[in-house]
Amino acid sequence: MKYDLVIADNASILGAPDRKPEEYPALAEKYLYLGLERVPQSLRHEQKTRLQKSLPEWKFALLERIASYSGDIRFQHGDRTLSMVQNAAILCAEVWGLEDVVQEAGLTPPTNLGLVQGIALKRVIMHPFSGLGFKNWPLKKYLALARELRAAGWEPEFCCAASEHKALHELIGDEFPMPVAKNLSAFAARIYEAAALIGNDSGPVHLASCLGVPTLTISLRGYMHRWRPGWRQGVIA
């Protein structure tokens, strides 16, 4: 299928970090590159000229503002404290001139599942892993925190990917529930009905925030300004 304009993250397969530098100019002429981090100058290329020549006037009018910007999303207004969700919303509203920009992702469970947000009033899900081990709070400290939560009347449980299950079970044994979700949908459902989720900067923390679930993110010092969960107000420790 032919597309008039493709917007690509420069770190995606279309950015192809393993490509040779001489390939970049041809890529930049074909795709509009945005980046959560730095976008190489070789990939920054406005698409207006190309689209104006190839599109009918009415369609070009729809794409003109978007096609004029290629570069970093971060640090809108020069503010290093904004989350990436806030940065993206500002880019869409002020740089691209899009109307009715919202920060919500609109992710909600299908009504036929019968889920009720936060119905498990005492359930606190703890996710002690992430994609980068160096930023993880130690497992033993998660275990100590879980014991304190249980003593205070909460119902902590641990979650992890299948590949992490063995390491986690060796530490906590059967002391706390460790339900295994058969897929991401089932895991999201369990998060949705929980009271809160505690974890490192990781996919489950961002998923919980996106679903409107309160979060506590345990982070490296100074690391979370941009990457903190940005859909629902959460606590950063």
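Helices and strands here are DSSP runs, numbered from the N terminus. The model is predicted.

Start in the loop between β4 (120–127) and α5 (139–151), where phenylalanine 134 is found. Phenylalanine 134 counts as exposed because its relative accessibility is 56%, and the cut-off for exposed is over 50%. Together with Leu132 and Leu220 it forms a nonpolar patch.

Are the two partners buried or exposed? Aspartate 201 is buried, because its relative accessible area is 10%. Lysine 135 is buried too, with 12%. Buried means under 20%.

Now turn to asparagine 200, in strand β6. Its relative accessibility is 0%, so asparagine 200 counts as buried. What does its side chain meet? A polar atom of that side chain lies 2.9 Å from the backbone oxygen of proline 128. The side chain of asparagine 136 also joins that of asparagine 200, in a polar contact of 3.3 Å.

Helix α7 spans residues 184–192. At its start, a side-chain oxygen of asparagine 183 reaches to within 3.2 Å of the backbone nitrogen of serine 185. Which residues of α7 are buried? They are Phe187, Ala188, Ala189, Ile191 and Tyr192. Their cover includes strands β4 and β6 (194–200), along with helix α8 (203–210).

Return to the charged pairs. How many salt bridges does the structure hold? There are nine. One of them joins the side chains of aspartate 4 and lysine 59, at 3.0 Å from N to O. The two residues stand 55 apart in the chain. Aspartate 4 belongs to the segment before β1 (7–9), and lysine 59 to helix α3 (residues 57–67). Aspartate 4 counts as partly exposed because its relative accessibility is 23%. Lysine 59 has a relative accessible area of 25%, so it is partly exposed as well.

Another salt bridge runs between arginine 147 and glutamate 175, with the closest N and O atoms 2.9 Å apart. It too links distant parts of the chain, 28 residues apart. Arginine 147 lies in helix α5. Glutamate 175 lies in the loop between α6 (165–172) and α7. Arginine 147 counts as partly exposed because its relative accessibility is 39%. At 29%, glutamate 175 counts as partly exposed as well.

Salt bridges also form a network. Which residues does it link? They are Glu37, Arg44, Asp72 and Arg74.

Definitions and conventions:
Residues are numbered from 1 along each chain as its sequence is written. This is a predicted model: local features need pLDDT of at least 70, side-chain atom pairs count only at pLDDT 80 or more; totals for chains, interfaces and linings use all residues. Side-chain values use heavy atoms; hydrogens and water are left out. Patches are made of residues with over 30% relative accessible area and no salt bridge: like charges are joined within 9 Å, nonpolar side chains (Val, Leu, Ile, Met, Phe, Trp, Tyr) within 5 Å. Accessible areas come from the Shrake-Rupley method with a 1.4 Å probe; for residues, only the protein chains shown count as cover. A salt bridge is a side-chain nitrogen of Lys or Arg within 4 Å of a carboxyl oxygen of Asp or Glu. Helices (H or I, at least four residues) and strands (E, at least two) are DSSP runs, numbered from the N terminus. Buried means under 20% relative accessible area, exposed over 50%, partly exposed in between (1.4 Å probe, protein chains only). Contact means heavy atoms within 4.5 Å. A polar contact is a pair of N or O atoms within 3.5 Å; within protein, one must be able to donate a hydrogen and the other to accept it, and residues adjacent in sequence count only if both atoms are side-chain atoms.
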